[in-house]
Every structure is written in C-alpha cells, then in structure tokens.
Amino acid sequence: MAIDRQRTLAAIDRGLTIATWWPGWAHLPRDARDVLFLLGVIGWTVLPHAGHLPAWCIAMTTAVLLWRARLALLQRPLPGRWSVVAVLLVAAALTFWSHGTLLGKDAGVTMLVVLMVLKTLELRARRDALVVFFLGFFLVLTNFLYSQSLAVAAAMLVAVWGLLTALVLAHMPVGRPPLRQATMLAGRAALLGAPIMVVLFVLFPRFGPLWGLPQDAMAKTGLSGSLTLGGVAELALDDTIAFRVRFDGPAPPASQLYWRGPVLSQFDGRDWRRLVPGFPAELRPRAELRVAGAPLDYEVVIEPSRLPSLTLLEATPPEGERVPTAPDLRLRFTEDLQWLADRPLVDRVHLRTRAFPRFEHGPRDPVVGLRDHLELPPGYNPRTLAWAMELRRVHPDADALTLVQRVIGHIRAEGFSYTLTPGEYGDERGRHAIDEFWLDRRQGFCEHFATAFVVVMRALDVPARVVTGYQGADRVLQDGWVVVRNSHAHAWAEVWIAGRGWMRVDPTAAVAPERVERSASLRPAPGLVAGALGSVDPELLATLRRAWEGLNHGWNQWVLNYSRGQQFDLLRWLGVDSPDWADLGLLLVALLSAAALAGAGWAAWDRWRQDPWRRAHRRIRERLAELGVAAAAHEAPRTLAQRVRTELGDAGAALEAQLRELDAARYAPPAADSTPSLRHWQRDFERAATAAARQARGRSRGRSR
C-alpha cells in the first residue's frame with residue numbers, strides 16, 4: 001500500500017509540476033532535482049533584496065546560482081574550497097568598497113546573500129544543506145528590515161514554505177520522494193506551529209525593529225516644510241494613501257474637508273517656508289481658536305511622514321474632550337493651528353479626536369506681529385506689485401474683505417485655468433514667477449493660485465499666508481473609512497480680517513469649484529496597463545485598487561500596528577485590572593506550558609494509537625522476558641513459539657499454542673478482519689503465560705527439595 005501511494009504521488013508530481021513545460025524534469029537524478037529546487041527557493045528569497053543590493057552583488061548571485069544549476073544538470077564536480085574562498089574574499093572587498101564597512105544592516109545583508117549562494121557550491125553532505133537552509137531562514141527575516149508590507153510578507157511566506165520543503169527532502173534520503181509529498185508535509189508542519197506563532201505574536205513584548213526602521217515605514221513622498229511652484233502638482237501625481245479617517249457619524253461634505261498641514265509665511269521670491277518670527281512672543285498673533293456648532297468626532301490613521309506635522313481636520317482644538325494624543329509622541333498645538341509632534345512621524349499614528357468645521361481663530365484686533373505676514377522680498381514680481389497698487393488706487397477705501405472679493409473676481413473673470421502641467425515659471429533663476437502666472441500665462445495648479453493670491457494681498461497691505469495640507473477625500477468609502485491620498489494635496493490662503501481674525505480663502509475654488517466641492521482632483525494620463533483595464537471596465541481598476549488597499553489597511557491595523565497598548569487591552573479583557581509586563585509574561589509562560597503539556601499528551605496518545613499488533617508484540621516480549629525467554633522485536637510469533645517449546649517444554653505448551661494462533665491471525669490470509677478477536681487472544685495469552693510461570697516456579701521448587 002505504501003509503495004502504491006508513493007507511486008501515485010510521484011505520478012501526480014510528474015503531471016502537475018515542472019514536467020508540464022520541462023519533460024526532462026521527471027528524469028533528473030534525485031540530487032539534481034533537489035538542488036535545482038533549492039536554488040529556485042534561494043532566488044525567490046533574494047529577489048526582494050534586488051532593489052537595495054549593489055549591482056555587483058546581484059550579478060554575482062545570479063552567476064553563482066546559474067553556475068550551480070549547470071553543475072547539477074551536468075552532474076559535474078563542485079569547485080574546490082580555495083576557489084570558493086577566493087570568490088568570498090573578492091565579495092568582502094567589494095562589500096567594503098560599496099558600504100564603507102563590513103558591519104551594519106546593508107553590509108550585513110550583502111554579505112549574507114553572498115555567503116548563502118557561495119555555500120551552494122559546497123553542498124556535499126546534509127550538514128552543508130542544513131547550513132544553507134538556516135542561512136535562508138535568516139535571509140527571510142532580513143527582508144523585513146527593509147519592508148513590512150503585505151506583499152513582502154506573502155512572498156516570504158512562500159519562501160519559508162519552500163525552505164521547509166527543501167529541509168524535508170534533506171531528511172528523506174531514501175528513494176525519490178515526490179516534491180508534492182514533501183511540500184504537503186512541510187505545509188502540515190508549518191500549520192502545526194502556527195498556533196504557537198500566533199501566541200508569541202499576540203503576547204511577546206513589543207520591541208523596536210532591529211537595526212532601525214523598515215524603509216516603507218519612512219515616507220518617500222508627502223507634504224514638505226516648504227513650497228516651490230510645481231511642488232504640490234508633483235505630489236498630486238502620487239496616488240498613495242496619506243491617511244484614513246472614520247467619522248463617528250456621517251462624513252461631512254467634501255467642501256468642509258480641509259486637512260491642515262504646514263503653514264508657510266516666509267517668502268524669499270522663490271520658496272515659501274515656515275515663518276521665523278521677527279517680533280517677541282508677546283507681540284505675535286495668538287491662536288485664539290473660537291469654535292461653534294456641532295463637533296465632528298473622528299478616528300484617523302496617518303501614514304508615515306517625513307514631517308512632524310499631523311494633518312488633522314480644521315479645526316481640531318487643544319482643549320475639551322478628545323484632545324489628540326498618540327503613544328510615544330508628544331504633541332503640541334501651535335499658534336497657527338498646526339498639530340506638531342516632537343519628531344517626524346516615522347510610524348503610523350492612530351488617534352481619535354474631535355474637530356469643529358465652524359470656527360474662527362487669530363486676534364480680532366491688530367497686533368504688531370502681523371507685520372511678518374506683510375513681508376515681500378524686494379526686487380521680485382514688480383508687475384504684480386504694480387497691479388496691486390493700481391487696484392488699491394481704484395478702491396482706496398476698500399477694506400480687506402472687499403479687496404479679497406475683488407481679487408477672487410479677477411481670477412474668475414480673466415481666463416485663469418486649472419492644470420497639473422502648467423510648465424515652469426520665472427526666468428532662469430526662478431525670479432518673477434508670480435508675474436508670469438498672474439499677468440501672462442494664467443495656467444496653474446493650486447499652489448500657483450494660493451501663492452499669487454497671498455503676494456497680491458500682501459501688496460495690498462493685507463496680512464496673508466499660505467496653508468498647505470489636503471482637501472477632500474475619495475468619494476467611495478473603504479470599509480467605513482474615508483481615504484485621503486497624496487493626490488488630494490492642496491494649498492490655500494488665509495488672510496487677516498479686522499474684527500474677525502484669520503479667514504480661509506481658497507482661490508482654486510474660483511477657477512475649479514468642482515475640486516473643492518466634489519474632490520474632483522486632476523488625474524495624469526493612465527499608463528498602458530491602467531489604460532487597457534480602463535477601456536474594458538472604467539471601474540475595474542478602481543475596484544481592484546480599493547480591494548488591495550483594504551487588505552493593506554487590515555494588515556497595517558491588525559499586524560504592523562499591534563502595540564503594547566493592545567496587549568494590555570487584551571489582558572484587561574481577560575480580567576486583569578492593572579496589567580503590566582509581569583502579567584503579560586505570566587500569561588505567555590502559562591500558554592507555552594499548556595502547549596508543551598498538550599504536545600506531551602499528544603505524543604502519549606500517538607504512542608497508544610499505534611498498530612495493535614505492535615502493542616501486542618511488545619507485551620509478548622515483556623512476558624517472555626519474565627519467563628526467561630529471549631525475544632527480539634523483529635522475530636515473528638512462530639519463531640517465539642519454537643523458542644518457548646525449546647526452553648519451557650511442556651510447561652509452555654499452552655503459551656506456544658497461543659503464539660502460533662497469533663502468527664496465523666497475523667500472517668495467514670484472513671477470511672475476515674481478525675483485529676476484533678485480538679483482545680480475546682491477549683486475555684488467553686496472559687492466562688497461558690501466567691500458567692507457564694506457575695509451572696516453572698513449581699518445577700524450580702521441586703528441584704530445590
């Protein structure tokens with residue numbers, strides 16, 4: 001039966017695997033097949049590292065793997081040890097040349113890859129294979145030093161399965177076990193270990209990542225602390241998620257979704273930056289936030305950012321209920337309504353807070369510090385300044401609110417257009433870009449309108465500043481979450497109005513109202529694949545993207561963001577009033593001890609459920625040993641019966657008969673299943689053995705007399 005099953009699995013293996021496109025696979029020698037499988041697993045494990053390994057390391061890895069595959073296919077001898085050592089020394093020198101050291105994360109990963117592929121040139125014994133396997137498992141871990149995304153996790157799960165399969169094959173040296181059989185056995189072993197893995201994940205103390213943070217935990221795009229014309233338009237081409245929001249009630253309309261980021265007030269003629277105040281603190285304008293109306297309670301998950309700024313909904317107050325707090329971060333509220341952390345947001349931040357869409361802020365009466373928001377660099381944009389002076393001459397008595405309306409009316413009436421690709425503005429040094437936009441080309445993205453509007457208002461002697469952040473969100477919810485992408489990046493203006501304070505003005509709404517009212521962001525031209533999918537089904541690409549992002553969100557929420565706080569919440573749910581690390585450790589030890597006891601119980605049960613014939617044979621040997629009759633595990637009952645006859649004589653006749661009966665039941669072709677009668681046979685055997693022992697003792701006493 002076992003031979004037939006193995007042949008069946010081999011046939012399935014030949015029919016369902018590589019043999020479908022490589023007929024010679026089924027005829028490869030066992031060693032060659034196993035080596036090629038291991039090389040494929042190694043290549044798969046190294047592949048995610050390709051983006052950050054030196055070019056020479058990628059070339060060397062590819063060359064060595066192909067060389068080793070050729071040796072396996074042609075059954076050629078492996079290279080000598082000194083050849084491998086020479087290549088290793090060259091690799092070490094190149095590693096030092098590339099990284100400036102042989103220590104650290106990058107250099108260590110490079111050397112690990114080199115060591116593992118070179119070790120494949122020394123696969124002469126099982127010991128060498130085990131070294132490769134364990135280097136492979138360690139290499140799997142190093143992938144998470146660079147990325148902990150769902151895609152990398154899935155790829156490494158496949159890599160672990162492949163390494164376990166290779167390990168199983170190494171422990172099956174006899175015959176030609178099919179890959180399918182080894183793969184299934186490796187999968188079962190992994191599933192048996194999964195409960196322990198889950199317990200360790202849930203309860204093991206949460207430490208920071210080894211050797212620093214993965215690179216996908218550090219934002220490569222997003223808002224910056226400065227603004228140059230074209231910067232927001234470039235960011236709008238990035239469709240990755242900036243943060244997710246879930247409101248306690250219905251989501252507000254898109255026109256109310258202004259997510260406040262860095263506030264920029266200092267202009268050097270080309271770039272806008274955060275203000276360096278020119279007045280002492282007591283003379284600067286204060287936040288003086290005044291809220292009204294019903295609040296919006298919401299939960300936000302902010303993706304990693306290169307800034308310490310939290311982009312929260314305007315206006316999120318620093319007092320009252322649900323003030324923003326985040327683990328391991330110190331948050332502060334600034335005078336320009338920003339929420340800043342004490343360091344860049346290198347981890348995802350999850351918090352619950354409250355915002356008031358209806359609010360006013362800033363001093364109602366003039367303060368000296370407002371002059372900082374009137375500064376313009378001399379010698380820049382003279383035509384725009386002249387245009388503003390002419391507007392002031394025509395309306396000499398107009399207040400700030402009237403001037404705002406006049407400038408917005410100019411944008412509506414003079415043929416301005418909203419575009420992602422307005423081209424570069426200014427001369428070769430970037431000077432006079434506002435002149436060219438405001439008076440000549442009149443094509444721009446949100447930052448063009450916001451910065452030009454602020455320059456004009458300052459020229460009209462109205463304090464103004466640029467605010468960057470995000471506006472709007474995706475119109476389709478993802479599992480109840482509102483998704484805000486980098487493509488929703490936006491810039492708007494704030495002007496100071498006497499008797500009111502700072503007032504939001506969004507010049508983009510004057511030329512593209514759909515951008516603010518419906519979050520209708522401009523989109524770049526789709527690529528080849530996206531265009532093909534869109535031509536088949538316009539919603540297919542969006543649906544696939546939402547599905548993938550939903551999976552990523554779940555992965556981030558339940559795996560990557562699993563924290564100490566959630567561990568302690570679990571202990572509270574289990575009834576621990578004030579959980580600490582000691583309680584967590586006790587629970588972990590208790591569960592691991594229970595798992596160990598369960599394993600011991602399973603082993604005992606497995607021993608008990610062995611073949612009843614084997615248990616009967618073991619009991620026969622024990623009883624015969626008591627009678628002084630030697631019995632080996634490989635001896636059949638008929639052999640033991642003859643030995644009983646020889647050594648016990650007539651005293652063992654009944655015992656001999658029982659053994660011959662067992663032999664017939666075990667090896668003779670049965671007319672029916674004889675297993676149910678085995679219990680009765682064991683009872684009769686015990687009686688015969690007891691009788692033989694009694695007779696043997698009686699004979700011994702008779703001789704002694």
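**Buried cysteines and a helix pair**

Biologist: Is C57 buried or exposed?
Modeller: C57 is buried, at a relative accessible area of 0%, where buried means under 20%, exposed over 50% and partly exposed in between, with a 1.4 Å probe and protein chains only. This is a predicted model, in which local features need pLDDT of at least 70 and side-chain atom pairs pLDDT 80 or more, while totals for chains, interfaces and linings use all residues. Residues are numbered from 1 along each chain as its sequence is written, and side-chain values use heavy atoms, without hydrogens and water.

Biologist: And C446, buried or exposed?
Modeller: C446 also counts as buried, with 0% relative accessibility.

Biologist: How many disulfides are there?
Modeller: The count is zero, taking a disulfide as a pair of cysteine sulfur atoms within 2.5 Å.

Biologist: Stepping back, how much of the protein chain is buried?
Modeller: Of its 705 residues, 42% count as buried. The chain has 23 helices and 19 strands, which are DSSP runs numbered from the N terminus (H or I, at least four residues, for helices; E, at least two, for strands).

Biologist: How do helix 5 and helix 6 cross?
Modeller: The axes of helix 5 (residues 105-119) and helix 6 (residues 126-143), lines fitted to C-alpha atoms over the stretch in contact, with angles running from 0 to 180 degrees between N-to-C directions, come within 9 Å and cross at roughly 155 degrees. That makes the two helices roughly antiparallel, a term for angles over 145 degrees, whereas under 35 is roughly parallel, 65 to 115 roughly perpendicular and the rest oblique.

Biologist: Which residues make that contact?
Modeller: Among them are V109, L112 and M116 of helix 5 and V131, L135 and F138 of helix 6, with contact meaning heavy atoms within 4.5 Å.
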